[in-house]
Amino acid sequence: MGGDPRRGRLVELLGPVVAEKGLDLEDVKIVPAGRRRLVRVIVDRDGGVTLDDVAEVSQTVSKRLDESDALGTGPYVLEVSSPGVDRPLTEPRHWRRARTRLVKAEMRDGTTVEGRVTGTDESGVELDGTRRIAFDELIRGRVQVEFNRPAGPDDGYDIDDIDDEG
């Protein structure tokens, strides 16, 4: 996740600041951008992140960066956002947040599986209500983009109550 040695320091510095706002620090990236550096801070939480959340965290993170010497004295541009749909699912919380979504997962045995996330717990994920996969069997997953996604809990329905015919 980036070769800049300052990344680890930034994760240590910003993790508690982001956590105080009730969010998870998913990643920090430092990208050269001309004479400046682009500092990307990716945050998330169960239920998603609003624009107000991003604005509030952005102000707090900016203040903390300005107070520290983590980036040195050179100019930087700060970008705070939530992860995109193409973010790999590598942590149990990522799988939990993908409930009701269609995913494709890479397995440690070299195979891939595809299915809808119907449940998670501390040890694994359930796909399509029938297949249980332990987290230690998974390398990573990716949410699949669906243009005709069936209704789910976010739409006021329970996925178990959806009629498959219709």
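Two strands count as paired if DSSP finds at least two bridges between them; the strands (E, at least two residues) and helices (H or I, at least four) are DSSP runs, numbered from the N terminus. Going by that, β4 and strand β8 (residues 138–143) pair in the antiparallel sense over five bridges. Heads-up: this is a predicted model, where local features need pLDDT of at least 70, side-chain atom pairs count only at pLDDT 80 or more, and totals for chains, interfaces and linings use all residues. Residues are numbered from 1 along each chain as its sequence is written, and side-chain values use heavy atoms, with hydrogens and water left out.

**Strands around β4**
- Leu-138 in β8 is the bridge partner of Met-107.
- β4 (residues 102–107) also pairs with β5 (residues 112–120), again antiparallel and over five bridges, with Glu-106 opposite Thr-112.
- Four residues separate β4 and β5 in a hairpin, and Gly-110 in the turn has a positive phi of about 95°.

**Arg-37**
- Arg-37 sits in strand β2 (residues 36–44).
- Arg-37 counts as buried because its relative accessibility is 13%, and buried means under 20% relative accessible area (1.4 Å probe, protein chains only).

Definitions and conventions
Buried means under 20% relative accessible area, exposed over 50%, partly exposed in between (1.4 Å probe, protein chains only).
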